[in-house]
Amino acid sequence: MTPFSFPNNTSSTGELFLETRASKFIKFQEVKVQERSEDVPVGHIPRSLTVQVKGGLTRTMRPGDVVDITGIFLPKPSTGFKARQTGLVADTFIEAMAVKHQKAGYSDMLMSADNMTNLWHHHQQLDMYGKLAQSIAPEIYGHADVKKALLLLLCGGVTRELRDGIRIRGDIHVCLMGDPGVAKSQLLKHITTLAPRSVYTTGRGSSGVGLTASIQRDTVTGEMILEGGALVLADHGICCIDEFDKMEDSDRTAIHEVMEQQTVSIAKAGITTTLNARTAVLAAANPAYGRYNIAASPQENINLPAALLSRFDLMWLILDVAGSESDVALAQHVLHVHREGKPPGLGFEPIAASQLRAYVAHARTFSPHVPVELSNYIASAYAEIRQDEIDAGEKAMGYTTARTLLSILRLSEALARLRWADQVSEGDVNEALRLIKMSKISLEDTAGDDTSKFDPITAIYMVREDSTIADTSFF
């Protein structure tokens with residue numbers, strides 16, 4: 001309340017002035033809300049509305065949250081010369097009375113006794129790791145190991161903050177690269193709906209400023225302010241970037257700092273600051289030739305800079321390999337989904353999205369560590385991966401650096417979290433190494449047949465040339 005002091009005389013020319021000492025100042029915040037993409041009318045763009053929040057409701061909403069706001073719709077009449085121009089037309093706003101979050105964050109979830117009982121029931125089942133993974137997008141056929149990688153992305157590793165201020169990220173970055181029609185975009189969409197805090201964007205429709213932060217002028221104060229982009233809005237969440245290969249190189253470089261340091265440094269329009277972008281990046285891309293070209297090297301197909309590839313914990317190559325049995329099984333699965341409106345039976349009841357979200361939220365409360373006795377085992381496994389890459393030469397299917405060692409640790413910690421354990425076991429390390437190997441297994445299956453790299457005429461010529469060389473060597 002803001003009382004005013006009246007003049008002593010009763011003349012109509014008196015002037016009101018604010019009594020600051022007798023006033024009670026309350027917290028005030030102005031929020032802009034935008035309707036969800038699925039609620040946008042046909043042929044329109046998302047509409048936005050200004051919301052005024054006062055008192056205890058301030059700072060209850062963060063950028064990127066999905067909320068339900070209950071309030072009073074009021075006009076905001078203009079004053080002065082602007083009122084003479086606008087007439088009866090006025091801006092509108094909502095004075096918020098209540099705010100309800102549609103999806104609570106991992107740290108905001110309150111576990112009741114019934115919820116913990118259900119979680120313990122799921123935790124004690126056999127092959128809980130596989131059942132949790134198969135519950136992610138069950139309508140999509142196959143991709144068992146890909147779904148396990150996405151489950152680990154949801155769970156994440158442990159963020160380490162050293163005494164000297166160095167911060168080692170715990171978020172897991174995954175890139176899905178493969179042929180068209182292998183359900184990469186559908187997996188990204190499902191992760192967006194499953195994660196409590198997520199942002200979905202595409203490479204062609206995103207710029208470097210749109211991903212990091214932009215400078216705008218505040219409509220209330222008239223000052224220059226920062227407006228966070230997709231990566232900042234996904235803080236403590238997941239940022240899904242589709243068509244990652246369609247991005248411009250200048251825009252793609254804006255992601256480098258976010259993926260490793262998890263910050264966005266800004267020095268624009270007199271504003272020098274650092275924004276937090278503690279997000280996990282899930283990207284989907286197509287190879288350089290549209291489809292994976294077996295005749296070309298993996299580096300030519302991937303066509304991404306090494307500085308960016310090394311930041312992904314898992315670079316998953318998904319090739320559309322023809323096979324009579326797998327194609328029939330895929331067709332039967334798709335036909336069943338279209339006919340019944342639900343996926344075929346998995347042999348168990350898929351875990352609901354809310355239960356899966358609660359299970360991951362409880363798993364993220366654990367902070368497992370790597371025991372000393374596993375140090376030599378992990379070091380030797382990393383050295384073996386490096387040696388295999390050197391032996392492969394130009395046919396190497398990945399790019400191994402010291403960041404790969406950190407990726408093994410993050411995946412192992414995420415697996416330990418899923419077990420609700422405080423210590424990483426040797427089985428967790430083996431599973432992490434298996435996922436790194438399985439990420440290139442589809443490429444190894446097609447690389448075994450050398451004749452598939454050439455057209456029929458070239459293949460016949462190569463066979464004839466090899467036989468000629470064999471005959472001459474015999475003599």
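User: Which residue meets Glu340 in a salt bridge between side chains?

Analyst: This is a predicted model, where local features need pLDDT of at least 70, side-chain atom pairs count only at pLDDT 80 or more, and totals for chains, interfaces and linings use all residues. Residues are numbered from 1 along each chain as its sequence is written, and side-chain values use heavy atoms, with hydrogens and water left out. A salt bridge is a side-chain nitrogen of Lys or Arg within 4 Å of a carboxyl oxygen of Asp or Glu. At 3.5 Å, N to O, the partner of Glu340 is Arg339.

User: Is Arg339 buried or exposed?

Analyst: Buried means under 20% relative accessible area, exposed over 50%, and partly exposed in between (1.4 Å probe, protein chains only). Glu340 is partly exposed at 45%. Arg339 has 55% relative accessibility, so this residue counts as exposed.

User: How many salt bridges does the structure hold?

Analyst: The pair Lys246 and Asp245 is one of them, at 3.0 Å, N to O. A network of salt bridges links Arg169, Glu260, Asp313, Arg403 and Arg410. The structure's count is 19.

User: How many residues apart in sequence are the parts that Arg291 and Asp179 tie together?

Analyst: Their side chains meet in a salt bridge at 3.7 Å, N to O. Helices (H or I, at least four residues) and strands (E, at least two) are DSSP runs, numbered from the N terminus. Arg291 lies in the loop between β16 (280-285) and α10 (298-302), and Asp179 in the loop between β9 (174-178) and α5 (184-194), so the parts tied together are apart in sequence by 112 residues.

User: How many residues of β16 are buried?

Analyst: On one side, Ala280, Leu282 and Ala284 are buried. β16 is largely enclosed by the rest of the structure, because the buried count is six of the six.

User: Which residue in β16 is the bridge partner of Cys240?

Analyst: Two strands pair if DSSP finds at least two bridges between them. β13 (residues 238-242) pairs with β16 in the parallel sense over four bridges. β9 also runs parallel to β16, joined by four bridges, with Met177 opposite Ala285. For Cys240, the partner is Leu282.

User: Which residue in β4 stands opposite Gln29?

Analyst: β3 and β4 (residues 48-54) run antiparallel. Seven bridges join the two strands. Opposite Gln29 stands Val53.

User: What share of the contacts with a separation of 6 or more comes from residues 24 or more positions apart?

Analyst: Contact means heavy atoms within 4.5 Å. The protein has 18 helices and 17 strands. Of its 475 residues, 38% are buried. For contacts between residues 24 or more positions apart, the share is 68%.
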